[in-house]
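Please look over the sequence and the structure shown below before reading on, and keep both in view as you go.

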Amino acid sequence: MSSADEASRLVMEDLSRSFGETRALNAATLRVRPSEIHSLVGENGSGKSTLIKILSGVLRPDSGTLVWEGEARHLGSPRSAQGMGIATVFQETLIVPEMTVRDNIYLGTDGLFRYGHRKGDEIAGARQALSDLGMDGLDLDRPMWTLSLAERQLTTVARAIIRPWRLLVLDEATSALDAQQRDCLFDYLRLARSQGRSVLFTSHRMDEVLGLADRITVLRQGATVATMGASEASRRGILGHMSGHEAHADAVVVAETEPRRGAAVQQSPRRPVLRVAELTLRAASKPISVEVKAGEILGLAGLEGQGQVGFVECLCGLRRPVDGQVLALGDNGETHIVRSYRGANRLGIRYVPRDRRYEGLFGPLSVFDNFAITLWGDLNRLGVLKRQQARKSFAGFAESSRLVSASPNRAISILSGGNQQKVLLGRWIAMRPRVLVVNDPLRGVDHNTKEELYGLFRGLATDGVAIIFLSTEIAELLTLTDQIAVFHEGSLVAMLPTEMSSDTDVVAAMFGDDKQHGSADD
Amino acid sequence: MTDQSPIAPADGSEPGPAARQPTRSTSEIVTRFVAANFTDALPYILVPVLFILSVIFIPGYFSKLSIISLLILASLLGLASLGQTVTIIAGGIDLSIPAVIGLSDIILTQLYYKHWSLPVIFLLIAVAAIVIGTISAVSSVLLHVHSLITSFGMSLVVSGVALEWSNGAVNGAVPGWLTSSVSAIGHTGPIPIPAIIFVWAVASVLAVAFLRLTRVGRETYALGANPVAARLARVRSTWTLVVAFAISALCAAMVGVFFAGYSGIPDPTVGVPYFFLTITAVLIGGTSLLGGRGGYQRTVMGALIVAELTTLLVGVGFSASFQELALGILVIALTSTYGRELKVAAKI
């Protein structure tokens, strides 16, 4: 064991964990010292949450070692992690809405037949924890559901800190807090550090990372790419590590072999088909105004929960914005307001949802039935199906999209994810959309099928379909889109022309960094 | 009737994946093929097997009269289970079938006794059925509760009305041709087969065609398979559910009319055994309670199996309680093999 390890409270090495085909963690390493606030940063899907779930005993790693205060350990359950002194606050605010604040704070501490604490001790402990977090006035007997989101989030932090802890893990635990609440929490964390305890936190806010952390570990694609002292780190440096130079090079290679689509659109100016006017997603966020032209591919980017999904839902009428409108523009310049999902569909705005299994697929139905379900509205005579026409339409689509399926009569559940996605896209492509809104369509799709789907999207754009393409993968956006709209805290913070942008630019914007600020830091 | 429905789950009926791998022996391919298709074919095998067992064990069973009696029993159950099949495929379940059977029985026997004209009575029964089905479906959609609950509520309301109406009534009347249509010695025109069997045959063909060849039919499968995806794919969820429950109530009403013909006296509780029997027939046939899987051709087999098994057990001298026990075991045994079939499909 090296001296660096001896100085560490927690050493996790060579951690790997896969979910099916996806490698969420690939030999990641993390060292946390006593009296340290340590920040774990990385893009969506870089493995932060998986690592934290392993650390808190929720998930078991496929391989790797964990040394806690000099002793090799196996974490079997959340309880064993708590027993060791690791307290975790998860990203999702895990509460029981009907129970009181006090019961939520002491959740899980009681035995089956006896209480873990006397009532008086519980009240005193809960008051202390809440007052540490700046919530002195909160009534302990209020049911949880009456609290604001920020109060709920702080209550879950209180639940973690009433237990004797030596390492507190906060996974995006500040996302709902306002500046004052955040400062109060940070003061508490600094105090704990001065008492020799350790904190590990993730955040989507770069200013928090740089302002609070002593050291920073950067994860990319499941692997640790750097650990550095906060004093020697710069925004640009961290962002560069997160986006990765390899990924950047990839994007360039793709761009050379297949010219970006931007050029083609500029040759023939197209009509706008969709206009977003002063759309406000959240009460505090800035209104968004965008215009999308026929044949344009607009990418949407943002860290988890920054409003891009809400934006997509507003576009296709699934959600009402706080303020503002989505307008579909007709061929002759007439405008229609999108008010409902039904209305959006009538105006030719078609939506391919994010979660294939729960929002897209009809699992027990055949490939053909999954494809044709949207066609029957047009292809029927007094309610009786015109199957021949639908079969023809399917055959055409299967060929053009290179769909791999033994037979259209087999259940769709046996197709690969990529081929399922083709069928779900085909469902709406066959309806000749004017605007195709796709929510992270290439998630969990293998490399080759991805390339085929890129081709499919490009072909659609060439035919004049406007595509709104939300993705969590920046390389994907840089390969496919003409422009990238970046969301941060419910506002559209940057509109980046793809040709002139690097993935570092996109990542910087995702963290709410405007360009000037970033270059000043370099 | 074969089961090559376009919605049939992956049944491995094509040797494609196996044939592509030359290392596999012929016997292995055959084994896989049988394993993948056996459970699908099971109801179709059970129908003749049970019939042969009955012929062996019940003396004098192989006669026209007993076969027709069997088919009348199956027709009544088959018709009552028709709508149940549709509601279950749509992801729901209709618990109001016995109540609607009872109400329809009362309306017919009471009003015919009071010399109302038959077309008016039938129209009234049909309207009542459609209203009942629509309320079950629409309230399920509006209140966001499972149709299990709304149809059960409707069932209580409807049977309350039927009981109140028939309170004390012992007098009722039905037309003679109706009685003959459910009698084993009844004729349909010159043909010496009771009309209910033809009605069931025609209804079966229509039901299978409805589910496979119409827009609402396909949307019924989509809704049952995944209601969230159905909404996003612009399936008319409310309309589809209304159609399913209206069909269910209409079928139940039809069975109520036949029951009135059977006994000739008003009986609001005549449908009570159908509370579980319809679900049993649907499940034994192989339509899944999960929704989106199955078809009416399967329920036809399910109704035949239930009728045969009941007849066989009665014929051999088992009690009514033992019949229920046997049906219960059959439901569990068969549905567990259907579950396994899905896992086999997932492996291929």
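Predicted model: local features only at pLDDT ≥ 70, side-chain atom pairs only at ≥ 80, totals over all residues.

Residues are numbered from 1 along each chain as its sequence is written, and chains are lettered from A and ligands numbered from 1 in the order in which they are written.

Chain B has 14 helices and zero strands, where helices (H or I, at least four residues) and strands (E, at least two) are DSSP runs, numbered from the N terminus. Of the 348 residues in chain B, 48% are buried; a residue is called buried if 20 or more other C-beta atoms lie within 10 Å of its own, exposed if 12 or fewer, and partly exposed in between, with C-beta atoms placed from the backbone. When contacts in chain B between residues at least 6 apart in sequence are considered, 77% of them join residues at least 24 apart, a contact being a pair of residues whose C-beta atoms, placed from the backbone, lie within 7 Å.

Two packed helices are described by the angle between their axes and the distance between the axes. In chain B, the axes of helix H5 (residues 118-143) and helix H6 (residues 147-166) come within 8 Å and cross at roughly 145 degrees; such axes are lines fitted to C-alpha atoms, for helices over the stretch in contact, and angles run from 0 to 180 degrees between N-to-C directions. The residues that make this contact include B:Ile132 and B:Ser136 of H5(B), and B:Thr150 and B:Met154 of H6(B).

How many residues of chain B are in contact with chain A? There are 26 of them, and they meet 29 residues of chain A. Helix H9 (215-225) of chain B is one of the elements that give two or more residues to this side, and H9(B) gives the most, with six residues. On the side of chain B that touches chain A there are 17 nonpolar, four polar and five charged residues, where Ala, Val, Leu, Ile, Met, Phe, Trp, Tyr, Cys and Pro count as nonpolar, Asp, Glu, Lys and Arg as charged, and the others, Gly among them, as polar.

On the other chain, A:Asn345 lies in helix H13 (residues 341-346) and is buried, with 22 other C-beta atoms within 10 Å. Leaving aside residues up to four places away in sequence, A:Asn345 touches A:Arg350 and B:Arg234.

Further along chain A, 12 of the 13 residues of helix H17 (residues 417-429) are buried, so H17(A) is largely enclosed by the rest of the structure. The buried residues of H17(A) pack against several elements of chain A, including helix H16 (387-400) and helix H18 (447-462).

Strand S13 (residues 297-302) of chain A is likewise largely enclosed, because six of its six residues are buried. In a regular strand the side chains alternate between the two faces of the sheet. Here A:Ile297, A:Gly299 and A:Ala301 point one way from S13(A), whereas A:Leu298, A:Leu300 and A:Gly302 point the other way. Four bridges join S13(A) to strand S20 (residues 466-470), which runs parallel to it, and five bridges join S13(A) to strand S21 (residues 483-488), also parallel; two strands pair if DSSP finds at least two bridges between them. A:Leu298 has A:Ile468 as its bridge partner in S20(A) and stands opposite A:Gln483 in S21(A).

Definitions and conventions: Contact = placed C-beta atoms within 7 Å. Expected span 1.5 Å × (residues − 1).
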